[in-house]
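Here are my notes for your read-through. Keep the model open and check each point against it as you go.

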Amino acid sequence: MALKAAGNFVIAAAVAVATLGSSMGAQAQDKLIKVIVFPGLSNLAQFAAESQGFYKQRNLAVELINTPNSDELRKGLAEGRYDVAHGGVDNAVAQVENDKTDLFIFMGGNSGLNSLYVQPEIKSYEQLRGTTMAVDAPNTAFALLLYKMLDVKGIKRSDYKVVPVGATHLRLQAMLKDKTYSAAMLSPPGSIQAENAGLRDLGSAVSVVGPYQSDGGWVLRSWGKANADTLTRYIQANIEGIRWALNPANRAALTVVVAGRLKLAPDVVAESLKLADAQQGFATDARFDLEGFRNVLKLRADMLGTWGGKPPAPDKYLDLSYYDRALKGL
């Protein structure tokens, strides 16, 4: 009986240890974050953080999901199918203003590196009158950049048509397949591919409209509050990612990483990175460009008449306290 009791005790202890180990293992599992992005060079921080193990070091498992257009990005985040969105932050503003989504922008990224590309036979802005242009969505982000660039050059919104076709690579495909699309805003690597295909560059967006806060990250306010530590660790990994990506010593390795992620030839990636260098498009430590964001709001007010044409203070769309904590913790 004593032996049987001792045996039962050993078995019970083993079960307890196994259960504890299983519980500890579950707790140690990486926190999964679903991040929706536009496929392109704008995701250097995320590509680097993933490839160099910066997410893993902070017990994060980040799933990068490519969006076909801004509508899916906004809708998916609002519905909780994605945890974090990265893209032109004017999309976040549109979510707040049009859809009444309670969210905040938590970090910056880059200026967008956008340029206006046109068909080879078009040599001036004036030739764009009466034509049709490809956009992502007609009332957000880079479409507004397009409108402003044309407006500055004397081409008013009533002088041309736009058709929503989707993200950068889809706009490029549309222009190459259908010559009736006269122009589109493109960023690398799409802009490099456009050059190689013979499309004409009419100039960068920032050279015409000034500083611009393009890609940044945002989350639902409820998700941010419930996952404050997770969001802070995510930002830290992204800061380390962009530091690694912008270090010239890592250029060859970065080229391989981006080429693999975007399924591009290394020479196209190398040219894209050179263009990003030339435009100083990526912000140090993915800092948020407040002046550039004020211009984002002004573009929306000017081109769409939002807020009666008078842009609000930027604070209602921002909560940079998570970023500040993340940076201090590095």
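Is tyrosine 160 buried or exposed? Tyrosine 160 counts as buried, because its relative accessibility is 5%; buried means under 20% relative accessible area, exposed over 50% and partly exposed in between, with a 1.4 Å probe and protein chains only.

1. **Before you start.** This is a predicted model, where local features need pLDDT of at least 70 and side-chain atom pairs count only at pLDDT 80 or more, while totals for chains, interfaces and linings use all residues. Residues are numbered from 1 along each chain as its sequence is written, and side-chain values use heavy atoms, with hydrogens and water left out.

2. **The overall picture.** The protein has 15 helices and 10 strands. Here helices (H or I, at least four residues) and strands (E, at least two) are DSSP runs, numbered from the N terminus. Of the 330 residues, 52% count as buried. The C-alpha atoms fill a box of roughly 100 × 45 × 35 Å, taken along the principal axes. Take the contacts with a separation of 6 or more: residues 24 or more positions apart account for 81% of them. Contact means heavy atoms within 4.5 Å.

3. Two strands pair if DSSP finds at least two bridges between them. Strand S1 (residues 31-37) pairs with S2 in the parallel sense over seven bridges, and lysine 34 stands opposite glutamate 63 in S2.

4. **Another five-stranded sheet.** The order S7-S6-S8-S5-S9 makes up an open sheet of five strands, again with mixed pairing. Its edge strands are S7 and strand S9 (200-204), each of which pairs on one side only. The twist here averages 25 degrees from one strand to the next. Strand S5 (residues 115-118) and S9 pair in the antiparallel sense over three bridges, with serine 115 opposite serine 204 in S9. Helix H7 (residues 168-177) packs on this sheet, touching S5, strand S6 (132-135) and strand S8 (181-186), and its direction makes about 155 degrees with that of S8.

5. **Helix H13, one side in and one side out.** Which residues of H13 are buried? They are Val268, Val269, Ser272, Leu273 and Ala276. They cover an arc of only 135 degrees around the axis, so they are on the same side of H13; the arc is that of the directions from the helix axis to the C-beta atoms. The face turned away from the buried side carries the exposed residues Asp267, Lys274 and Ala278. Among the elements covering the buried residues of H13 are helix H2 (44-51), helix H8 (190-196) and helix H12 (251-262). Just after H13, glutamine 280 takes a positive phi of about 50 degrees.

6. **Aromatic pairs.** Rings of Phe, Tyr and Trp (its six-membered ring) pair if their centres lie within 6.5 Å; planes under 30 degrees apart count as stacked, over 60 as edge-to-face and the rest as tilted. The count comes to six aromatic pairs. Tyrosine 147 and tyrosine 160 form a tilted one, 6.3 Å centre to centre with 40 degrees between the planes. Tyrosine 147 lies in helix H6 (residues 141-152) and tyrosine 160 in the loop between H6 and strand S7 (161-164), so the pair ties together parts that are 13 residues apart in sequence. Phenylalanine 288 and phenylalanine 293 form an edge-to-face pair, 5.2 Å centre to centre with 65 degrees between the planes.

Note on methods: Axes are lines fitted to C-alpha atoms, for helices over the stretch in contact, and angles run from 0 to 180 degrees between N-to-C directions.
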